[in-house]
Amino acid sequence: MMKKWMVPLVFVVFLTVAIGFTAKFLKRDEKPKVVVVLQELNTDLSKTIKAGIEKGFADFDIDGKVMAPDSQDSASNQIVLLKDVLKQKPDALIIIPIQSPASIPVFKEYQKRNIPVLMLYQDACWKDQTTFIGTDHLRLGKIAGELLSSFLQPGDQVVIIHDTKTNPAVNDRVMGAKETLGDGGIEIVAEQRGDDESRNVKLVISNILQTYPNIKGVFATNDNIALDALKAIEEKDLKIPVVGTDGTRGMLKAVEEEKLNVALAQNPYDMGYVSVEQALRAIKGEHVDKRIDSGVDIVTKDNAKSRIDFYKHKVFK
């Protein structure tokens, strides 16, 4: 016969086990929580990446959030944001770092809590990051140099107009372009900065055209510079090929309107989508490749409209 004092004890044990199973079931049933920290949210690039990320959240049934600091140039603001996200205990972090070396101590705090850290678009080159998803920028530069060389003859002169060289991606693009332009016998007569921070992009380009009247081509490390170069060239009634690197709507429109024969395009929508897919794999403990190249596309008049339509319906609705 069971003693009376054992009845409550058995009940307590049963209740404890039941609560444990229930909690375990509920935890298993919860959606994975993924936080994405971008550099900013206002450019075409960030809006396209965000659209791909949100599609990934929906397809993989993830509780996701996308955020960014107030200023894309403020590494300190992004670090403050990362520390705040850490307190929210996400299952994974996806990040486009503004300044990689300064961010690594915070990434290590995520690592201590077994939170996967995935680099998106810009590689931090941190040995313990889960993966990097984005463009191989050295290869992008090489393709740009090959493309520009295809319009030229050995001995022709070109200029390279770059944005800030504190960005490793920019340096890789320039290095790749210089390598293949050199292989094609093309002379690089100038490398100049001409990004938005200098606030005189068209003036820089106009001065280059005046100083080097015989240039036959322009390589720009982003599409904003490329489009400004194209405008300055058009104002002088010149026909000089310009190669950018992004595949923004402006460059696609220039190809569609036959102001340019061709453009290069990265795949930011795919980057965003794949980063979410890989974050989920990391959360589940599955294998994730250390580098995932999102590829580079060549856009011509034949396929420019389909890409423009894609952006219109998937990103800029």
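How many helices and strands does the protein have?

**Figure 1. Overview of the predicted model.** The protein has 11 helices and 12 strands, where helices (H or I, at least four residues) and strands (E, at least two) are DSSP runs numbered from the N terminus. This is a predicted model, in which local features need pLDDT of at least 70 and side-chain atom pairs count only at pLDDT 80 or more, while totals for chains, interfaces and linings use all residues. Residues are numbered from 1 along each chain as its sequence is written, and side-chain values use heavy atoms, with hydrogens and water left out. Of the 317 residues of the protein, 48% count as buried, a term that means under 20% relative accessible area with a 1.4 Å probe and protein chains only.

Figure 2. The average pLDDT of the protein is 89, and 88% of the residues score at least 70; pLDDT is the predictor's confidence in each residue, from 0 to 100. Over residues 1–7 the pLDDT is below 50, and this stretch has one contact in the model beyond near neighbours in sequence, a contact being heavy atoms within 4.5 Å. Residues 9–19 also stay under 50 in pLDDT, and for them the model has zero contacts beyond four places in sequence.

**Figure 3. Helix α6 and its buried face.** Helix α6 comprises the 16 residues 168–183, which at 1.5 Å a residue should span 22 Å, and its end C-alpha atoms are 23 Å apart, which agrees; the expected span is 1.5 Å times one less than the number of residues. The buried residues of α6 are Ala-169, Val-170, Arg-173, Val-174, Gly-176, Ala-177, Thr-180 and Leu-181. Seen down the axis of α6, these buried residues fall within an arc of 165°, so they line one face of the helix; the arc is that of the directions from the helix axis to the C-beta atoms. What covers the buried residues of α6 includes α5 (137–149), β6 (157–162), β7 (187–193) and β8 (215–220).

**Figure 4. The two ends of α6.** At the start of α6, a side-chain oxygen of Asn-167 reaches to within 2.9 Å of the backbone nitrogen of Ala-169. Gly-185 follows α6, and the phi of Gly-185 is positive, near 75°.

**Figure 5. Surroundings of Ser-100.** Ser-100 lies in helix α4 (residues 100–112) and is buried, with a relative accessible area of 11%. Not counting residues up to four places away in sequence, Ser-100 touches Asp-123 and Ala-124.

Note on methods. Buried means under 20% relative accessible area, exposed over 50%, partly exposed in between (1.4 Å probe, protein chains only). A polar contact is a pair of N or O atoms within 3.5 Å; within protein, one must be able to donate a hydrogen and the other to accept it, and residues adjacent in sequence count only if both atoms are side-chain atoms.
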